[in-house]
Each structure stands twice: as structure tokens, then as C-alpha cells.
Amino acid sequence: MAITHPSFGRLDDDRIIIFDTTLRDGEQSPGFSMNLEEKLRMAEALAELGVDVMEAGFPIASPGDFESVQAIARRFAKDGPVICGLARTAPADILRAAEAVRPAARRRIHTFVSTSPLHMRVKLRLRPEEVLELVTSSVSLARQHAEDVEWSAEDGTRTEPDFLCRCVEAAIKAGATTINIPDTVGYALPEDMARIFTMIRERVPGADQVVLSAHNHNDLGLAVANTLAAIRAGVRQVESTINGIGERAGNASLEEIVMALRTRHDAIPARNNIVTRNILRTSRLLATITGFDVQPNKAIVGRNAFAHESGIHQDGVLKDASTYEIMTPESVGWTTNSLVLGKHSGRAAFRDKLRALGYGEVGDNQLNDAFRRFKDLADRKKVVYDEDIVALVDDEIVRDHDRVRLVALTVATGLGAKPMATLALEVDGERRDGMATGDGAVDATFNAIRNAFPHDVTLKLYAVQSVTGGTDAQARVTVRLEEGGKLVDGQGADTDTIVASARAYVHALNKLLVKRERTAPADLRTMLSA
Ligand code: KIV
Ligand code: ZN
């Protein structure tokens, strides 16, 4: 039965709302934090991807979270996805979320409380009747500030069925327009989804007038399967993240759900608004920003997702791709490796290429910097592929607001020689020179960065990957730094692995500065022992 929703108007039965929580559930997992500019960039990409609802953050969590939700809401003040802020039941939480999302043209407050016996007893220390009262009071308050209110039963899949129905009924009576039942700990099986949502639809008065929603975690690797089962059981909204990032083993992956719906429309006839050809670049942007690449065999977006290695498979694919491909690589944004631009290409062609790769309008400064780096790359690299350009532009975009920049680097090394790195950084516009030796060129470079800009952090991970094949391929380096229990990942790309390493280290350093600012605002000079 079609229903009318405050943000979407008439919703037909087969319409699935794609709710993205990359910037909230995804961002709250260790190592995945993003700064304001990175979140804004990701928000743009998610909007271009066509998500219906974007959970932009948890505004009460910190001033930084509030600011980024508000900045995203401002960015979508005229149109765009519904911008959602998360809140617990406390009035202060709800008011903070309401204030953060207010500038958005379409906004949602998402309030939640635990309903399982274990969570209520151990975490909340509340009796069920007290939790029921909180459901009513939190949703009622949220409704005073937004027409579109989502209520979630945290640990819903481990909640006692009668109590779950009573909570859902209370939330609907108080004005919730979406009811979300999270599998918070990734415990459920597909048949549990069918049982829970069918039960709610059959037993709870008013359940046919609201959007039912599934939010599945991947602890048993079942998040996507559970989400599809929930759709079959009648949910109209699914919550997911790009690359499946999220708490612990992550959330259901948006790209997998969407492509399962598209590829198996025969079995699950449901529609959504995702522009599937933007999937790959959104996935790559997230990997660039967070520093976490997806595993090569990851469905849809992994490097090997459309690669055919065995002779039998290659032969089949050459005769007819559908022998071993159930969807086309192009449908999710893969392009065949082609020579895209040469060193004689001009700025206009470069801008056109960026549009074709889905970058929309890149600012003049970013375009100039990216174009300069492209020219430099085209001089050094025989063949410039689309993937090279994506790596380079993403690298430029994530650096746009960096306070520490790498401006020069020379490394002298050789057989039997102690490597020596000499470099220059710009720190808040002020030049700092550094020089150091080390156990290898990378170590010397990192020591030189510490020499130019003294700081005390631990290097937890250093990883190199090549963007394309060949000895002239760009290297994409990930550096993970730790300081006082906080982890950040930085990324850098360049044909020179040492330069890519230095960029990655400096990127991670910038992220640490942002983290410090969030917890204790202070002048940069006093923040690091410079
Ligand atoms: O997993 C969960 O229960 C959540 C809720 C806050 C929706 O993320
Ligand atoms: Zn979650």
C-alpha cells in the first residue's frame, strides 16, 4: 500500500529509500574519522550517488561533529538528500541534533534507545516501562523540531518480541515517521528479519502508515543478506554504508545491496534512486579519505571484482561477457583502462575528463593544482589512466585545507650509503626545513618531517599499493599514526614511492591536528612541540 511521507511524499510499495550512514556509523569506527572538509567532500559524492537520506553525524558527540552536520545541512539548504542527525533520548541530544540539521531543505532527527533486556539492564539500568516512557518523550520532542522523525530500537533483533511491538507502537503514536529495527550486534539470520518485520506489520497498529527500516551489522558476514531479507519482509528503507564501513565488522554495504537489487530485480522487484555508475568513484573517494582500501575480492568495488584470470574464464568473457559477469563493470563505474589524456592535453580537456569521471564542478584552485600535478605525471608516466587521474584528484581534494604541506623533498640513497632526506614543509604558511638520515629512504623522509616539525607520534602502519600496473605506476601509500590512543590514517599518491610516503605521512599529521583541535582547541604552535 502506498503511504505518504513528510520528506518523500507518496511512496509506492516498490520504492526503497537508501539511507546512508557512512558519515555516522561508518565514521565512528576506529581509524575512519574524517575532518570537516573530508565529510563535506564525501557528502557531495553521496548526493551525486543519489542517496535519499544522509546521516551526517551525531551532533551531541563533539563540537566537531555538530559543526560538520551543520555544514552539510547548510550545503543542502536548497535541495538534496534528507540530512539526518542522530540523538539519544535526552532532550539535550535531540535539541542539538535539531539545531544541526535545521539549515537543510529536508531534515530528519533520528532518535534511538536500547530495547533488549541485556542493554536495558546493563547499559541503561532502566526498567522496560521507563524505556517505553523515553520512547514517547524522545519522539514527541523530536517531532516538535522536525516533521521527519526516525526512531530506532537499539539491539532490536535481541529484543523480546512483545516489548518490541509495544515500543514501536509508542514511537508511532508519538509521531515517528520511520521505524528502524537495528541488528546492532550482527546476530540475526535472514529468517529473523522476516519474522521480526512480518510481526511488526501484523501486530502494531499504524505500522502500515510508517516506513519500516533495517540497519544491519556484519559481525557474521550476513548484513547484506539480512537487508535483502528485510526488503522481502516489507521494509521500505535500508541503512547502509559505502564499502560496508562501520562499527566492528561494519554495516551492510550500500553498493552490494543496490547491485543485488538491480541484478536480481526478477526476485526482488524494488526500485531505488542510486546512480550506480557513480558507485566506484564514491568507494574510491572514501578509501582515499580514510586510507582504508577495500580488499581486492570485495564485491562490486574490489580490484578483482571484474577481473578474469583463468584461461577458461577469459575465453568465455571474450566470447560473451555474460558467461562470467552478472552485471557490467561499466554499470558501477569501472572503465576499461584507456589512455585518457596526454602531456599535450589542455586545461579544458582535463576539466572535461574530471566531469566524465563524476567530479562535477571542481574549484579553480583545486583544478589548477590537480592540473599541474597531472602535467607532471604525464611527463613522467608513459600512460595516464582514468584511475591515475582519480587518485591524483582525490589526493588533491583531500589536501585542500591542510595546515601542514609538503613543498620540497630530495632523498639521496644508494648501495652502502646512509639515506639522507632533505625537505621543506609549509606550516600555516610558514616554511620549515628539515634534514635527517634513516634506515632506508622512507625512514629518512619521516625523520626529516619530524625534524622540520617536531612531534611525538607512533607509526602503526605503512603500506604501499600500486594504482595501476607497470614500473611507472603511481604508488598509493597509507600511513597510520597513533597518538594517545587516537588513530589516524593518511594517504598519498605519486609515481615516486618516497614522495607518496611523505604525502601520506603529512596527510595523517594533518588529521591528527584536526583531532586535537576537536578535543582541545588551541593554537597550532602550542599543540605540537614545535
Ligand atoms: O547499530 C545500531 O544500533 C545503530 C543505532 C544507533 C541506529 O547504529
Ligand atoms: Zn549501527
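Modeller: The second largest cavity has a volume of about 30 Å³. Please bear in mind that this is a predicted model.

Colleague: How many cavities of 30 Å³ or more does the structure hold?

Modeller: The structure holds 2 cavities of that kind.

Colleague: What makes the space a cavity and not a pocket?

Modeller: A cavity is a set of points where a 1.4 Å probe fits but cannot get out, whereas a pocket is an open set. The second largest cavity is listed as a cavity, so its points are ones that the probe cannot leave.

Colleague: Which residues line the second largest cavity?

Modeller: The lining consists of Thr288, Ala391, Asp395, Arg476, Gln491, Gly492 and Ala493. Helix H15 (386–398) and E16 are the elements that give two or more residues to this lining. The largest share, 3 residues, comes from E16.

Colleague: Which sheet does E16 belong to, and what is the strand order?

Modeller: E16 belongs to an open sheet of 3 strands in the order E14-E15-E16, with antiparallel pairing.

Colleague: Why are strand E14 (458–466) and strand E16 (486–494) called edge strands?

Modeller: Each of them pairs on one side only. Neighbouring strands of this sheet are turned by 15° against each other on average, direction ignored.

Colleague: Which helix lies across E15 and E16?

Modeller: Helix H11 (residues 279–290) does, running at about 115° to E16.

Colleague: Turning to Glu169, why is this residue called partly exposed?

Modeller: The relative accessible area of Glu169 is 25%. Buried means under 20% and exposed means over 50%, with partly exposed in between. Glu169 is therefore partly exposed.

Colleague: Where is Glu169 found, and with which residues is Glu169 in contact, leaving aside neighbours within four places in sequence?

Modeller: Glu169 is found in helix H7 (residues 161–174). With those neighbours left aside, Glu169 is in contact with Val204 and Pro205. Glu169 and Leu132 are 37 residues apart in sequence and 9.9 Å apart in space, C-alpha to C-alpha.

Key:
Residues numbered from 1 in each chain as written. Chains lettered and ligands numbered in written order. Predicted model: local features only at pLDDT ≥ 70, side-chain atom pairs only at ≥ 80, totals over all residues. Heavy atoms only, no water. Pairing = 2+ DSSP bridges. Helix = DSSP H or I, 4+ residues; strand = E, 2+ residues; numbered from the N terminus. Axes fitted to C-alpha atoms, helices over the stretch in contact; angles between N-to-C directions. Contact = heavy atoms within 4.5 Å. 1 Å grid on protein atoms, 1.4 Å probe; cavity = no way out; pocket = protein on both sides within 12 Å on 5 of 7 lines; lining within 4 Å. Points joined across faces, edges and corners; volume = space filled by probe spheres on them. Buried < 20%, exposed > 50% of the residue type's maximum accessible area, 1.4 Å probe, protein only.
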